[in-house]
Amino acid sequence: MIKAHKIYKSFQSGAVQVLKGVSLEIADGDFAVILGASGSGKSTLMSVLSGLERPDSGTVVFGNQDITAMNDKQLTEFRRDKVGFIFQQYYLLSHLSVENNVKLGADLAGNKNFREIIEQVGLKGKFKSKPSELSGGEQQRVCIARALAKNPEILFLDEPTGALDEKTGREVLDYISRLKSERGFTMIMVTHNENIAQMANTVIRMNSGEITEVYKNNSPKTAFEIGW
Ligand SMILES: Nc1ncnc2c1ncn2[C@@H]1O[C@H](COP(=O)(O)OP(=O)(O)OP(=O)(O)O)[C@@H](O)[C@H]1O
Ligand SMILES: [Mg+2]
């Protein structure tokens, strides 16, 4: 369970108030989607929930660990051991092959089976390719493999399909959701695509730094059943 309580976060010494008292609970194994207009604070909330940034006030608790009370070293270890990230931009290391980009993630967790996950995201023939030799969807699948090679307990995705066309976007979402059902990690995904909310168990809507709506979806659809 992830529990955020009254999170406030501002930038520029308080001049820009971005999160204004956000509280939420996300159950283990949940797939939560966060929707909201540009600038509403979605990425900032993801950074605070994942321990990349500290809130001005409020708490974020994972299970029984209060990450807002951790020192920098503890927080770094927490992110390394528990958390995976996938962003809109791929952030792959351009001079490394697919295999070595994923190995970087795997090494953090001492995971020797990272080749298997490259195969699971459909990149069996691309082990030695460099990111520049791959399509956008393939690069995003390398990011999925890299994030999951760490065996995270929770996966944060910020607009993972934002740079992809419809067909590729659906394929990437399908890979992610299949890996999720096999491994059972928790997933929190920010998206502008309202249709993707139909794949989630929990839908959270933000506006101007506040949560305005939370609802459960009892019959999630697959990546190929939703509109786009
Ligand atoms: N490091 C920062 N310094 C100053 N302002 C920031 C910083 N990070 C975010 N902001 C501001 O906080 C507000 C919310 O930004 P955030 O990136 O969380 O929005 P978002 O909902 O993710 O938007 P988008 O959908 O466009 O990605 C914006 O007005 C942004 O300019
Ligand atoms: Mg954002």
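Tutor: Angles under 35 degrees count as roughly parallel, over 145 as roughly antiparallel, 65 to 115 as roughly perpendicular, and the rest as oblique. This is a predicted model, in which local features need pLDDT of at least 70 and side-chain atom pairs count only at pLDDT 80 or more, while totals for chains, interfaces and linings use all residues. Residues are numbered from 1 along each chain as its sequence is written, and chains are lettered from A and ligands numbered from 1 in the order in which they are written.

Student: Why are H5 and H6 called roughly parallel?

Tutor: Helix H5, residues 136-148, and helix H6, residues 166-183, pack at an angle of about 15° with their axes 9 Å apart (axes are lines fitted to C-alpha atoms over the stretch in contact, and angles run from 0 to 180 degrees between N-to-C directions). That angle lies under 35 degrees, and H5 and H6 are therefore roughly parallel to each other.

Student: What makes H5 and H6 meet, and which residues of H5 and H6 are these?

Tutor: Two residues are in contact if their C-beta atoms, placed from the backbone, lie within 7 Å. By that rule Gly136, Gly137, Gln140, Arg141, Ile144 and Leu148 in H5 meet Thr168, Glu171, Val172, Tyr175, Ile176 and Leu179 in H6. By class, this contact of H5 with H6 has six nonpolar, four polar and two charged residues (Ala, Val, Leu, Ile, Met, Phe, Trp, Tyr, Cys and Pro count as nonpolar, Asp, Glu, Lys and Arg as charged, and the others, Gly among them, as polar).

Student: How do you know how H3 lies relative to H5?

Tutor: Helix H3, residues 98-108, packs with H5 at an angle of about 30°, and their axes are 7 Å apart. That makes H3 roughly parallel to H5. In H3, Val98, Asn101, Val102, Leu104 and Gly105 meet Val142, Ala145, Arg146 and Ala147 in H5, and by class this contact of H3 with H5 has six nonpolar, two polar and one charged residues.

Student: Which element gives the most to the shell around ligand 1?

Tutor: Helix H1 gives the most, with three residues. The residues around ligand 1 include Lys42, Ser43 and Thr44 (a residue is near a molecule if its C-beta atom, placed from the backbone, lies within 6 Å of it). By class, the shell around ligand 1 has three nonpolar, eight polar and one charged residues.

Student: How do you know whether the radius of gyration of the protein chain agrees with that of a compact globule?

Tutor: With 228 residues, a compact globule would have a radius of gyration near 17 Å, and the protein chain has 17 Å, so the two agree (the radius is taken over C-alpha atoms, and the globule rule is 2.2 Å times the number of residues to the power 0.38). The C-alpha atoms of the protein chain fill a box of roughly 50 × 40 × 30 Å, taken along the principal axes.

Technical notes:
Helix = DSSP H or I, 4+ residues; strand = E, 2+ residues; numbered from the N terminus.
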